[in-house]
Amino acid sequence: MPILSKDDAQAILKKVMSFTKADECEANLNGRTSGNVRYARNTVTTAGAADNVSLVVQCWFGRRSGVATCNQFDEETLRRCVQRAEEIARLAPEDPDYMPRLSPQQYLAANSFAQSTAGITPDFRAQAAGDSIALCEARKLTAAGYLEDGASFAAIRNSKGLEAYQQFTNVDFSVTVRTPDGLGSGYAVADFTDAAKFDAKALTKVAADKASASVSAKAIEPGKYTVILEPAALVSDEGLINRLVYAFDAREADEGRSFLSKKGGGTRKGEKLFDSRVSISVDPTNPLAPSGVFDNEGLPVKKLPIIEKGVVKNLYYSRFWAEKNKVAPTGFTGNFVMEGGTASTADLIKSTQKGILVTRLWYIRDVDPQTLLVTGLTRDGTFYIEKGKIKHPIKNMRFNESPVIMLNNIEAVGRAQRLGGNLVPPLKIRDFTFTSLSDAV
Amino acid sequence: MKRRDFVGLTSLAAGALFLPSFPSLAGEPVELARLFDPVMDAAINKRLADAALNAAKSAGASYADVRIGRYLNQALFTREKQVQNIANTESYGAGVRVIANGTWGFAATNNVSEAGLAKAAQLAVQIAKANAKAQKEPVKLAPQKGYGEVSWKAPIQQNAFEVPIAQKVDLLLAANAKAMENGASFVNSALFQVNEQKYFASTDGSYIDQDIHRIWPTFGITVVDRSTGKFRTRQALSASMGLGYEYLTPKAQDKIAGPAGSDVIGYKNSYDILEDAALAAKQTKQKLTAKSVTPGKYDLVLDPHHLGLTIHESVGHPLELDRVLGYEANFAGTSFATLDWKKQGKPYGSKLVNIVADKRQPGSLGAVGYDDEGVQTKEWDLIKDGKLVDYQKIRDQAHIVGQNESDGCCYAQSWQDVQFQRMPNVSLRPGAQKLSVDDMVKNVEKGIYIAGNGSFSIDQQRYNFQFGGQVFYAIENGKITGMLEDVAYQANTLEFWNSCAATCDQSDYRLVGFFNDGKGQPSQSSAVSHGSATTRFNGVNVINTARKI
């Protein structure tokens with residue numbers, strides 16, 4: 001039941017449209033079936049499964065709108081749901097940011113669903129956890145990890161005849177491996193659309209190797225260093241690049257409260273704010289990182305460069321703000337693609353005279369929205385590099401850095417990899433600012 | 001960010017980005033009238049719960065508990081003169097947790113019928129048995145007596161859900177108007193209300209009916225100076241509380257002034273949103289021209305709204321026993337305060353540091369009668385005279401530290417999530433000697449007074465942290481001499497708490513709360529309060545956060 005076909009989903013949504021007497025109506029039907037397994041101290045701790053399908057109906061009378069929802073799909077329930085949305089709409093205040101429903105749209109096709117993932121069983125999850133634990137036990141290490149997979153669909157229909165439908169699958173896995181004395185810790189993380197690409201053992205081995213290699217870390221003086229930031233350091237825990245990509249809202253820039261606001265008014269669109277090697281796009285049909293091809297109103301998401309060769313190319317416009325500014329609105333569902341080169345992380349290490357390899361950054365928080373300055377710490381595998389080789393593990397450090405400054409200090413860009421539904425390359429950055437030492441392992 | 005998360009957030013309007021954080025609006029949108037439907041009836045719930053417990057036992061469970069929950073949320077969002085969104089959500093269903101073959105199993109369903117619950121119970125047993133194969137540490141529960149049929153209700157005076165939406169919207173818009181009149185360029189405000197109706201039953205013989213309320217009014221103000229391109233923000237100094245709408249009726253006795261020379265006002269058990277919005281706008285304007293801090297060592301005087309977050313991160317989290325033991329190693333992290341570290345008896349803080357955990361403090365977010373595994377709540381010491389004396393633990397952890405009772409701090413964010421150890425309220429006891437904030441400031445030669453919590457970050461073992469704030473004032477030779485900007489302090493947990501030099505008395509004590517403390521995989525939110533009086537810490541490292549881009 002949770003994964004309805006396009007026809008079955010639209011059949012429900014068509015009924016919804018036939019029941020409404022409102023000026024306008026929009027209905028979203030979403031379903032997801034998912035499962036997870038969690039382990040720690042080399043034993044499975046919790047496992048769960050969840051199914052859900054829900055319908056959200058929104059009706060408008062002029063600029064007034066109301067929302068109702070249900071999760072049963074017989075005619076009577078649907079009819080009642082529509083009536084409730086209409087009743088609330090009549091009582092609601094007028095919305096000054098109101099926009100009429102979209103007319104039918106054309107969408108790109110993204111390869112965002114894989115049957116291999118939709119067919120995952122509890123045994124598959126138990127096996128993955130078991131393999132990860134077994135590898136660590138054999139090496140006298142301790143594993144803590146989490147695997148979650150799911151299949152989902154999103155369907156939209158509105159009273160102007162707009163129809164949209166897309167299916168998704170995801171596998172998200174992360175593992176932290178620690179030495180029994182608590183002096184070493186390593187991490188690996190990956191996500192896939194297609195479960196066939198997922199290899200729990202290979203990922204656990206990366207984390208285990210980093211754990212073993214990170215014992216007896218030496219303290220170095222905080223300061224400015226050349227760093228190689230692996231993709232997990234750039235995007236996991238809503239990292240440095242995510243924060244930059246989310247900060248491209250046109251309205252906030254126009255209002256003067258964004259790093260993209262211009263002194264005296266206007267935005268910094270068209271200015272070269274980053275190194276020429278920086279290009280970042282919204283790209284839902286990228287074969288390695290497919291994502292949503294429409295937003296929750298049915299606005300198409302298309303390839304949209306936001307930074308091209310270091311230049312601010314586009315900002316995100318909501319439909320309301322786009323209309324006000326006489327520009328086209330931009331669909332955005334949160335995923336991005338950063339262009340990479342051909343070098344592997346190993347190649348970046350080889351070309352480094354002195355520097356630091358960072359596996360993961362953690363507890364990243366905004367410090368100053370004016371400059372996008374953020375703080376956070378290294379975690380689970382931080383190593384000193386000398387003459388092209390990993391010399392020794394080092395103690396973790398706190399950084400205070402802005403992605404805007406960081407992306408002006410690029411030494412090299414590696415090969416892009418998928419992480420968190422995005423594509424992001426490892427980056428070699430000079431003058432990355434560490435401000436204090438941490439005793440945490 | 002996953003599409004499902006992002007799409008969920010976009011409906012909350014981009015302007016809300018300037019609010020400190022979103023509480024999880026778990027559940028589905030519902031129309032207002034639905035919020036008053038009487039769904040939870042104790043007699044019916046008992047019958048349903050028994051169906052689940054019997055099914056679990058028949059399937060081979062040695063222990064089972066069931067939580068039937070109805071979770072109501074209402075959130076109002078406004079900016080300047082307009083209402084952006086009004087969201088009513090409801091989530092109703094039941095979760096069944098069992099032990100079979102020494103292993104936990106859990107399943108949840110929104111089919112709240114005898115058949116639906118029995119099926120969930122059977123599935124939970126099936127999952128437990130499957131996982132038993134990989135189990136190396138069979139579950140050992142601390143004994144727990146059954147309480148029979150009991151109930152607990154949050155002691156609220158006015159149910160916020162019963163206040164007309166128009167009245168609540170008018171209050172937020174009035175606060176926005178105050179901010180704009182006083183120089184704000186933009187203002188976003190919001191009011192979050194939560195009602196958890198929970199029915200718990202277990203094979204120990206407890207049938208517990210509880211009604212819990214939480215409220216959080218907040219705003220974010222921005223002042224933009226177009227000529228310099230500079231902008232500054234200030235968030236509300238409200239607290240999220242375990243109270244009803246009475247929190248929004250200001251009372252003079254609940255207002256506590258900051259030190260002379262600052263124009264800070266803190267709030268105890270009621271909040272004056274109009275006053276705070278006006279003050280916030282004035283302070284944000286001042287921030288645009290405030291002196292940028294010179295980095296170095298300062299004595300910090302931290303107000304309770306600020307200090308609560310530091311307590312949360314540097315005492316609350318490291319003393320969660322599941323983190324200490326490694327169960328959170330892959331996500332939230334572990335802790336420096338291991339069982340071995342505790343045995344060494346080293347000081348966590350100076351002798352003035354007395355930190356207490358509780359699940360009972362009236363008006364706090366953590367207050368309940370019983371936790372989510374049917375244990376009556378209590379208060380207990382974590383740090384006494386600077387020494388670590390205990391952790392936070394639940395039924396399956398007590399034996400690990402040689403104890404035979406749970407602390408009653410087990411919680412699940414909804415019926416569909418499995419319950420686990422969560423932080424209770426963790427509070428610094430006020431000083432026993434009479435001491436006002438003004439008297440505290442008088443003795444500071446070179447210091448900074450910080451009010452309001454801001455940016456926060458701490459490592460995964462809770463040693464190294466960095467905190468910002470909302471407003472900062474220089475203290476020179478015992479006097480507040482003006483506002484500062486670009487301030488953040490970095491410290492090590494143990495050095496920081498050992499530098500605690502003085503704490504004000506009970507008259508300055510108040511709570512700050514957090515709606516959205518995250519832990520676990522899949523991540524769950526919980527709400528928790530922290531009490532303290534204004535406190536002084538000597539010689540803390542302050543950095544300057546200004547950058548040029």
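The structure is a predicted model, in which local features need pLDDT of at least 70 and side-chain atom pairs count only at pLDDT 80 or more, while totals for chains, interfaces and linings use all residues. Residues are numbered from 1 along each chain as its sequence is written, and chains are lettered from A and ligands numbered from 1 in the order in which they are written.

Between the chains, 82 residues of chain A and 61 residues of chain B take part in the contact, two residues being in contact if their C-beta atoms, placed from the backbone, lie within 7 Å. On the side of chain A that touches chain B, the largest share, nine residues, is supplied by strand 2 (residues 43-61) of chain A; helices (H or I, at least four residues) and strands (E, at least two) are DSSP runs, numbered from the N terminus. This side of chain A comprises 28 nonpolar, 36 polar and 18 charged residues, where Ala, Val, Leu, Ile, Met, Phe, Trp, Tyr, Cys and Pro count as nonpolar, Asp, Glu, Lys and Arg as charged, and the others, Gly among them, as polar.

Chain B is divided into domain 1 (3-289) and domain 2 (292-544), with bounds that come from an automatic or database domain assignment. The centres of these two domains of chain B, taken over C-alpha atoms, are separated by 21 Å, and their contact involves 57 residues from domain 1 and 52 residues from domain 2. Strand 7 of chain B contributes the most to the side of domain 1 that touches domain 2, namely six residues, and that side as a whole contains 28 nonpolar, 20 polar and nine charged residues.

The largest nonpolar core has 297 residues, of which Ala52(B) and Ala121(B) touch the most other members; such a core is a set of buried Ala, Val, Leu, Ile, Met, Phe, Trp, Tyr and Cys residues joined through C-beta atoms within 7 Å. Beyond its neighbours within four places in sequence, Ala121(B) is in contact with several residues, including Ala52(B), Val96(B) and Val98(B).

In chain A, Leu234(A) belongs to helix 6 (residues 231-235). Leu234(A) counts as buried because 26 other C-beta atoms lie within 10 Å, the term requiring 20 or more such atoms, with 12 or fewer for exposed and partly exposed in between, and with C-beta atoms placed from the backbone. When residues up to four places away in sequence are not counted, Leu234(A) touches Leu229(A), Gly239(A), Leu240(A), Ile241(A), Val424(A) and Leu427(A).
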